[in-house]
Structures are given as structure tokens and as C-alpha cells.
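Visitor: I am new to this structure and would like a close look at one part of it. Could you take me through the salt bridges, please?

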Amino acid sequence: MDEADSLLPPRGGEAVASAAFADPGESSSCSRNKYPPSMSTDSMEIDDALYSRQRYVLGDSAMQKMARSHVFLSGMGGLGVEIAKNIVLAGIKALTIHDAKQCQAWDLGTNFFICEDDVVNRRNRAEAIIHHIAELNPYVHVTSSSVPLDEAIDLSFLKQYQCVVLTEIRLPLQKKINDFCHAQHPPIKFVSADVFGIWSRLFCDFGEEFEVLDTSGEEPKEIFISNITQANPGIVTCLENHPHKLETGNLVTFREINGMTELNGSTKQITVVSPFSFSIDDTTEMEPYLHGGIAVQVKTSQTFYFECLEKQIKHPTYLIADFSKPEAPLQIHAAMLALDQFQEKYNRKPNIGCRQDSEELFKLATSISAYLQEKPEVNDDIVNWLSWTAQGFLAPLAAAVGGVASQEVLKAVTGKFSPLCQWLYIEAADLFESLNKSNCEEFLPRGDRYDALRACIGDTLCQKLQNLNIFLVGCGAIGCEMLKNFALLGVGTGKEKGMVTITDPDLIEKSNLNRQFLFRPHHIQKPKSYTAAAATLNINPQLKIESHLHKVCPATEMIYSDEFYTKQDIIVTALDNVEARRYVDSRCLANLRPLLDSGTMGTKGHTEAIIPHLTESYNSHRDPPEEEIPFCTLKSFPAAIEHTIQWARDKFESSFSHKPSLFNKFWQTYSSAEEVLQRIQSGESLEGCFQVIKSLSRRPRNWSQCVELARMKFEKYFNHKALQLLHCFPLDTRLKDGSLFWQSPKRPPSPVKFEFNDPLHFSFIHTAAKLFATIYCIPFTEKVVQTDETARKPDHVPVSSEDERNAVFQLEKAISSNEATKNDLQMVVLSFEKDDDSNGHIDFITAASNLRAKMYNIEPADRLKTKRIAGKIIPAIATSTAAVSGLVTLELIKAAGGLPFEAYRNCFLNLAIPIIVFTETAEVKKIEIRNGITFTIWDRWTIHGKEEFTLSDFINAVREKYGIEPTMVVQGVKMLYVPVMPGHTKRLKLTMHKLVKPSTEKKYVDLTVSFAPENDGDEDLPGPPVRYYFSHND
């Protein structure tokens, strides 16, 4: 197998970095030659340790297509390097990066791989960064070219590529290259992207026809059926009011229907009737429906049609990202085309703040608008702001556009997910709108790394960014991207102020390298926070950064105290779970700090800006809780593969973690078997001793006994349990209403008879035996062990005095046989680890789950799917991570500038479909107590007391200061004063110190107060938190 065509690394694990247009016969490293490398398409296997999170997004077929693809990318500015990073992390086969420009100081604030030495030595941009790009993924062959790309060039070299991506290329040349790509058979997929200041555009052309096998990447929906009518059309109703989530026109296939069996195996197009029912065609001639049945969605391919760039310029099709401004895309389209014409006419971009250039751009835009088919109205603000900022470059905007563009490249080479048809415009006009533009000097270059940024936001806001104190919680995929954005913006680089504090308790794993781009293979098992900090300083040495290894949780409030939070200007979360977000949000709310939150799951992502006194908080809205699988479903009535996988995961925890842990805990309490025997004989009751002694007496002593134990477990789990259930509920059991007990979603089990030659049976025995050997510290071998097929596990007897006698007998026997030594009294506790393929954890769960699925006639799952469900793995890909982090950083700039409520935007995106939706943030609600007294979640009343301050004094102080008297005072879940409670009136004379009992380091306590309703019988009126300080000095 050709090494370069494998998803396994080249020998030695080194990335190949050579020059583009290299002779296929040469083996060069960073030399410039004429021809691209030759290609081959051998079979390949996927490195799951690296790509596991991405495999759940793209699937193996798309991954393999991607690993055979060659991409040409021109322009190694801030946008080009973003795209290069993302597609190399994803794992294409080969990338050629092209650029004819030399590095300059400007690039230090836009390209995160260009360093000061590259600027001093005026290196070619592509050659300066090729090794950094190649380092991102050892499986990708990265080459570079510095040959000028102009109108005179022969484009035949592009035939070697499946996709061509252009950045920083003038429009006439874009048209020429697009025409060439569009005319090829098959067409070369074409993507162009540009960022001009606070404006960006993205264009895609994948040929006349482009077939997509999977438009969304979502799992096919399975619907349990409760009824099908004999009618025209037949109406299918879902079970127990579970919504089907189908759309009219979807196809479904049926199985396991009792009665109307003609439908089984058939495929029908559906029409949605309600969220819980849909219609199919005529069922009047079919047998009556009895019970059961599953409808499964059928995925179908879809063909997308594209026009070339020339046609699309006149009559663009585009994605609307902000529905509050539906006219904006066409207006930006016209303005940016005017900018293209301006550059062709004057061979430069408009000068910053130049009114004459702005007026010229407006004339060009007016002329272009008349030419366009839709003839959009020219927006004076858009044209003026484009003219003002076109020389600049906003790195976070490039990160966002680069993420979306990279996903389009992956779609182009894989046929996975719906492509962008055909334009997308993303802008940061909300940011620029609020800036003071009266002083043009603010935006002019000063010869440093921040000139590109300064042209977009002005020097005052640049200084504010540099003086920020930022607390970044989490250094995973989003965390790495955020740190890169901070470094490019100069966040935390102020000479006197400014600091970035980061924390993450995790160590780097190989699976992180696929999207956490600051990490390399030699960083594996090193702390994320320290490593990320060091890598960020390589991007911008001026950054001041402090790294921690702590979780942010109640246990670390001594470190991340109120004092710590009040020193921070903005908190940014890069977390992977809701509870941690809720906690950080509560701390930001308590300390009036802005919070910027984001997250991704596969191609989906969200951003949320939470600004004190302006917006609601994260905790103001709650997602519906994740549905838990009922215990009875797991134990006896699984209906889906998720149920059997969770059952197998529970068995793993019980057998290899929980029981060994209890065993060790018991023998840590009692030092020897002799001591335990003596205590039992003296009549003492020792908790858990019977189970522990039973485990000790049955402890396997060699590999053969581990295999025998595994074989016993097979019989118990997959044979005896089925027989027992069928004995309790025979197949003909009926409920009180006469309906069958065993009907959908309940499935009757079928006992599984052990077959040595069945690979699934053998896999369970082998993996279970290995895990038993591990917890009992027994060396295991691969030799075949013949087990006694007549052996049976002893019958279970309820706990009684007989148990006690048995325990004494078993313990005496173990002691006399020298099988209760110190080594015998300890077991190894296994912690479930999904990413170590050598430990057998996922292998055991896969085998156990699929055996149970076979027992219940459920479709089994492969190892990859089992790993995702059992490990609760969140699918992830670098493209959506980059896009989300860029959008969050735009909100950070707004927060640093103290922009008004109208400027902030939340975003939801799904790059697979694709959709990007910007919405206004949720405005904070005012709650009226009465008489015009109002508060919001951000308000906090304060009362300063002293040592002898009583509860009565506290209530009076609230009344005097805020004009309303509390009728109830609560501390957390502790009711300090509720008048109707017995004895509470006496508490009015008690001091606050005595009631609250503060710790010595605590200066205050947050209390909840409520007020008497206006009408008797109504509920008490809520109030804001009241922070009570124990001393006037606090």
C-alpha cells in the first residue's frame, strides 16, 4: 500500500513538506519545481486514535474519499492559512499552498504561523508556513508554490486537483480559473473567499451537477408504530406520542408489522399529518393492522446544480444569515463587486477614511446595481464602511469564514452534506457602526502587527483589547482557537494592564490532535493549559498568559474567588458540558462579569453573548433534560441498540469497577481475613462481608479459570435471563385489556446457545476473560481453553443464618488453603477508557451489547457506533470549531468596547445543511415587585451590617434603603425567617452572625428575600438577591 495514500502515517511518522509543481520523480523538500506530484488511489485504513471524533461527523466512506483528494489553495494570508489548517487537520491526501507575496509586519496580526523572523528575512509566505501546516497532520502531503498566478499562466496544472480554493485573487482571474474548473470533466470544484476589513464573501461552484449521497449527516429516524388505518390514504400513528420528526416527501421502509404484513419491506413516500402521524398510500386492500412495527427513514441522494461565477455575479443565489436584514446580502454583493472594480481601475484598495474614494466606490456600486438582475438599492453605510475598512483585516471574521469555507472544501471532495448554493456574506458591521469615526488618525497604520486590525476597529479599541483581563475556561478545540484569536488581536498584551488566564485539568490525548491545532504528537500526555500557553506565545510573544490545571467548580472557589472574578473583564467558556457552563454563568452573574459561551457538536455550533444588565444569563433558559432510559427497559425490555449498549456499559461498571472497588474498600477497613473471621464468629455484623467473602472464595487463580468465569457470565446474561423472563411472561401472556404483553416496543427474548465457532460468542468470552484476568492480576494468554459445558453457577440463596455459616466455612477454607493472602485481598479497579484500543473495554461492551441485541432481535451496532454511544462521545470537526470561535471573538471585541445591546448577536449554525442564523441576544427582563420597584437578574441589593446586627435590623435596613419590607429571608435552601414557621418570630432578635454562621474568610452572604403580596392568598413577591456584608469595612 502506498504510504502517502494511507490514513496511517508515513514511515517515521513525519509529514512530507515539499514544493508544489515538483517533478514526480524527485524527492524534494521545499524546493520550487514545475509539476505537481502524481496521484494514486490505493485502499486505506483509518487511524481511529486520531480521527475518532471526526469519523462520527463524516463517516468512513467520506473519510476515505477525502484521503484520496488533492486540493490547491492560493493566498496564504489570514484567510488562506485558516482554510489550510482546517482541511489538513481533516485529513485530505495532499494540499498545495500557493503564494507569491513576501512576509511583512502586517501578516503577524493575520497569519498565526508567520513569525517575526519570517518578516525580517522577507520570506515567501507559503514557504514560511509550509512546515507549520505539514506538522498539523502527518498523513497529509503538503507542498508549496511561489510561482506568480496571473492572467498569462497556463491553468492545465490545475487538472491534478479535485478542488481549487482561491483567496486574495482579483475577480477577473477568479472568473478565468472558475471557467476552467467548471469546463473540466469531471469539473474541478471551485471555492473562492475574501475578507475585506469587516466584510467577507464566500462563493462555491461544484459543476453543473453535484450529487450528494447524504445531505444532512443525521442518523435515519426510527419510529415505533402504534396504529395504521385501513384507508386511502393510510394513516400511520407513532407510539406513545413520540414525534416522528419526518418531513413531507421523506421515504420510509417498514418492518416487524403484525397484521398488515404487506407493508413489511416496502418503501413509501410520506405526507406529514401531524407531529405524531403521517400518511402513506392506499391500505384499504391490506390485512388489518394488529400491533407492532417500525418505520425507518430511507436516506436518498440529492443533486445540486451550480452556475459559474460569471453568471452568478449578475444573478446570485445566496444564504441569508441574518433575517433581520434580508436585503443585506444583495447590497453587500453589489458593494464588494464595486470594490473589485475599484481595485482593477486604481490597482489599490480605497484609502482609510478617504471621502473621495468612498464617493468613487458609491458611483461604481450604483452602476453595478443597475447591471444586476435584482437591481438592489445601494446602501450608503455599507459602501462607506467597506471603503473605510477594505485595507484592514479582521482575524476573527477570517476564522469564521475560513471554517465555513473549509467545510465546503470537504463537501466538494467527499459528496457529504449539502453544499452552499452559492454565495455567503458574513460581516461585522454591528461592530463598526458603534465606533467613533470622527478621527481618521485612529484607523491609520503605525507599522506594527496590529495595523490590519487597527484599520477595522481603530486604535482606541485596539488598546482596550490589549488591556483586557480574560479568563478562558477550557483549552480544548474551542479553547485553542480562542487563544489563537486572542494572540492575533493582541488581547492581554498591554504594558501595564492585561492578562489571559487559562485553566484546564486535562492532559493531551492523540484524539485531540485532529482539531486542537496548538498540540502536536510530542505533546501527548502533557497538560493542555501549559502546552496551549506556550504555543500561543509562539503566535504573539507579547501576550501575558497564566496557566492553571484546576477545574472551575465549587471546590475551587478559594482560587476562583469573587475577588478573582472581579479582576476579570470578560469570561470565555470553552466547555463540553452544560453543568459546568451553568456554574460559570452563576459566578459571572454574582460578580457582574460578561460571559461569552459557545459549543459545537459535529457540524452544529452555537454562540451566546451574556452581558451584565443587557441580556439574560445562560441559566435564564433551560434545555429539556436528556431522556434517561427507564430501568425496566435496560433490565428486561430493550427495544433499540442504545438500550443494549447502555446495559453492556452498566455490566462493565458493575463487574470491573464497582465490585472491585467495594472489595478493596472492605479489606482496607479490615486488615486481614483472620480478623474478619474472628469478628463474624463473635457475632459482629460486617457490612458487605458476605458478598466480599463470596468473591474471595470464587476468585480465579489462573487464565483457565478466568475463561470459565466468562463462560458462566455468557450463560447467565444471554441464556438464563431469557429463560427466566419467558417463564414469568410466556409469549401468549395478555394484559387485563386483552392485548398481548409482548408487543411493540416490547420484544420477547430468545435464549442464546453458546457456539464456540461463532465469532461474536468467542469475542465475548475472550474480552470478558481478559478483563477478569486484569482485575485479578492474572497473566492472560491466547491459548484455547476447553470449558466444562455442564458446569453451572451455584443457585442463589437469600441472606440468612445459613449465609453466615457459609461465609465462615468459605473464609476458613480460603485461610487454610493460603488463598487469603495480602495479594488475594485486593483487586484492580478498572476505569472505563474509550480511547485505548488495547484495554479491551470497548471490545467487551460491543460483544456484550450485540449478544443482547441478538437475544432481543435488535439490529446490532459496529464497534465504532458502540464506542460513540458507550463513551458518550461528542462528534467534532475542526471546521465548525474554527467558525464558532471566530464568531465568539467578534462578540468579545464588542464587549471590550462596551457596545450597546443592539450590537450583540447570538448565532446557531449547522455547516452540513448549511444554515447560519444570527439573532439578537435575549434582552434582560425587568421584574416589578410593586409600587414601581423593579429588578433584573443582574441587580443585587447590598446591606452592610456589624457584629451585633440582628435579623430585625437586617429587615429594617432593607426597608429603609429600598422602600419595601421583606417578609421572608432564605439562605440557599435554609429558611432563616418565614413568619408562619413555628419559632421563627423569635429569630428576629438573633444576630446575623449566629443565624448565618459564616466561615472566617467569608466577608458576605447572599440571601434571597421575598415580599408580601398586595392581595391575601397570592404568592409572595420575589426580590433580587441581597448581599449582606458582615462589616461596614467589607
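Guide: D281 is partly exposed, with a relative accessible area of 36%; here buried means under 20% relative accessible area, exposed over 50%, and partly exposed in between, using a 1.4 Å probe and protein chains only. Together K268 and D281 form a salt bridge, and their closest N and O atoms are 3.2 Å apart. The term salt bridge stands for a side-chain nitrogen of Lys or Arg within 4 Å of a carboxyl oxygen of Asp or Glu. In general, side chains of opposite charge can pair when their charged atoms come close.

Before we go on, please keep in mind that this is a predicted model, in which local features need pLDDT of at least 70 and side-chain atom pairs count only at pLDDT 80 or more, while totals for chains, interfaces and linings use all residues. Residues are numbered from 1 along each chain as its sequence is written, and side-chain values use heavy atoms, with hydrogens and water left out.

Back to our pair. K268 and D281 form a salt bridge that links distant parts of the chain, 13 residues apart: K268 sits in strand β12 (residues 267-269), and D281 in the loop between β14 (277-279) and β15 (294-298). Helices (H or I, at least four residues) and strands (E, at least two) are DSSP runs, numbered from the N terminus.

Next, let us visit D322 and R905, whose side chains meet in a salt bridge with an N to O distance of 3.5 Å. D322 belongs to the loop between β17 (318-319) and α8 (328-346) and R905 to strand β25 (residues 905-910), so this pair ties together parts that are 583 residues apart in sequence. Both D322 and R905 are buried.

Our next stop is K345 and E360, a salt bridge whose closest N and O atoms are 2.9 Å apart. K345 is part of helix α8 and E360 of helix α9 (residues 355-371), so the pair ties together parts that are 15 residues apart in sequence. K345 counts as exposed, at 53% relative accessibility, whereas E360 is buried, with a relative accessible area of 15%.

Salt bridges can also be joined up: D48, R53, R55, D60, D835 and K867 are linked in a network of them. How many salt bridges are found in a search of the whole structure? That search finds 57, among them the pair of K268 and D281 where we began.
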